[in-house]
Amino acid sequence: MTNEELCTLAVKAMENAYVPYSGYKVGAALLTKSGKIYTGCNIENASYSPTVCAERTAIFKAVSEGEREFLKIAVSGGKNGEIAGEFPPCGVCRQVMAEFCGADFEILVVKGENSFMKYKFSEILPFSFNPKHIKKV
Ligand code: THU
């Protein structure tokens with residue numbers, strides 16, 4: 001799976017976005033260390049705050065299937081499904097990434113047709129609060 005292919009899957013995942021309120025369609029494609037791919041889209045809600053982002057949909061789908069180790073995620077988004085530049089992960093999604101993803105986890109942010117920016121998790125959420133800060137019982 002190349003980075004370009006993962007980005008293409010993120011763009012494809014935008015198709016299922018449920019966005020009657022914002023009109024912003026977002027798609028994500030997550031590659032696990034075991035080589036599987038989980039896609040996700042954003043799902044909005046009339047009560048607004050229950051809205052879930054594409055990245056978290058993909059991560060939660062994967063975790064619910066027993067996956068906990070991830071290599072990279074591609075993300076794309078735009079108004080009415082038209083990509084007009086980067087649509088980077090929100091802070092809540094970065095915090096969810098902090099739970100499961102290491103410093104080297106890669107985030108591919110689609111910019112346009114056949115173009116994306118690549119970031120390491122440590123760049124987009126430095127000094128994260130993560131499981132290392134919690135003493136487990
Ligand atoms: N959204 C995502 O799906 N991922 C992000 O990381 C940023 C925001 C969604 C939430 C909402 O449905 C729409 O984009 C506009 O904020």
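This is a predicted model: local features need pLDDT of at least 70, side-chain atom pairs count only at pLDDT 80 or more; totals for chains, interfaces and linings use all residues.
A disulfide here is a pair of cysteine sulfur atoms within 2.5 Å, and the structure holds zero disulfides. Cysteine 93 counts as buried, at 0% relative accessibility, where buried means under 20% relative accessible area, exposed means over 50%, and partly exposed is in between, with a 1.4 Å probe and protein chains only. Cysteine 7 is buried as well, with a relative accessible area of 7%, and its sulfur is 16 Å from the closest cysteine sulfur, that of cysteine 101, so this pair is too far for a bond.

Residues are numbered from 1 along each chain as its sequence is written, and side-chain values use heavy atoms, with hydrogens and water left out.

Now to the interior. In soluble globular proteins, nonpolar side chains tend to be buried together. A nonpolar core, as I use the term, is a set of buried Ala, Val, Leu, Ile, Met, Phe, Trp, Tyr and Cys residues joined through side-chain atoms within 4.5 Å. The largest such core has 20 residues, and those with the most contacts inside it are Leu30, Phe70, Ile73, Met97, Phe105, Ile107 and Phe121. The elements that give it two or more residues are β1 (24-32), α2 (54-64), β3 (70-79), α3 (91-100), β4 (106-112) and α4 (121-124); these helices (H or I, at least four residues) and strands (E, at least two) are DSSP runs, numbered from the N terminus. The largest share of this core, four residues, comes from α2. Apart from this core lies another, of eight residues, and among them are Cys7, Ala10, Leu31 and Leu108.

What does isoleucine 73 touch, leaving aside its neighbours within four places in sequence? With contact meaning heavy atoms within 4.5 Å, isoleucine 73 meets Leu6, Ala28, Ala29, Leu30, Glu55, Met97, Phe105, Glu106, Ile107 and Leu108.

After α2 comes glycine 66, whose phi is positive, near 95°.

Which residues are closest to the ligand? Of the 13 residues that surround the ligand, the closest are Asn42, Glu44, Ala54, Glu55 and Cys90, where a residue is near a molecule or strand if one of its heavy atoms lies within 4 Å of it. There are polar contacts here, a polar contact being a pair of N or O atoms within 3.5 Å; within protein, one must be able to donate a hydrogen and the other to accept it, and residues adjacent in sequence count only if both atoms are side-chain atoms. A polar side-chain atom of asparagine 42 lies 2.9 Å from an oxygen atom of the ligand, an N or O atom in the side chain of glutamate 44 is 2.5 Å from a ligand oxygen, and for the side chain of glutamate 55 the value is 2.7 Å.

Let me turn to strand β3, where lysine 79 has its place. A polar atom of the lysine 79 side chain lies 2.6 Å from the backbone oxygen of serine 22.

I will finish with backbone angles. Most residues other than glycine have a negative phi, and most peptide bonds are trans. Asparagine 80, in the loop between β3 and α3, has a positive phi near 55° and counts as exposed, at 55% relative accessibility. Asparagine 114 also has a positive phi, of about 60°, and is exposed, with a relative accessible area of 77%. Asparagine 114 belongs to the hairpin of β4 and β5, which has two residues between the strands. Those strands run antiparallel and are joined by six bridges, at least two bridges being needed for DSSP strands to pair.
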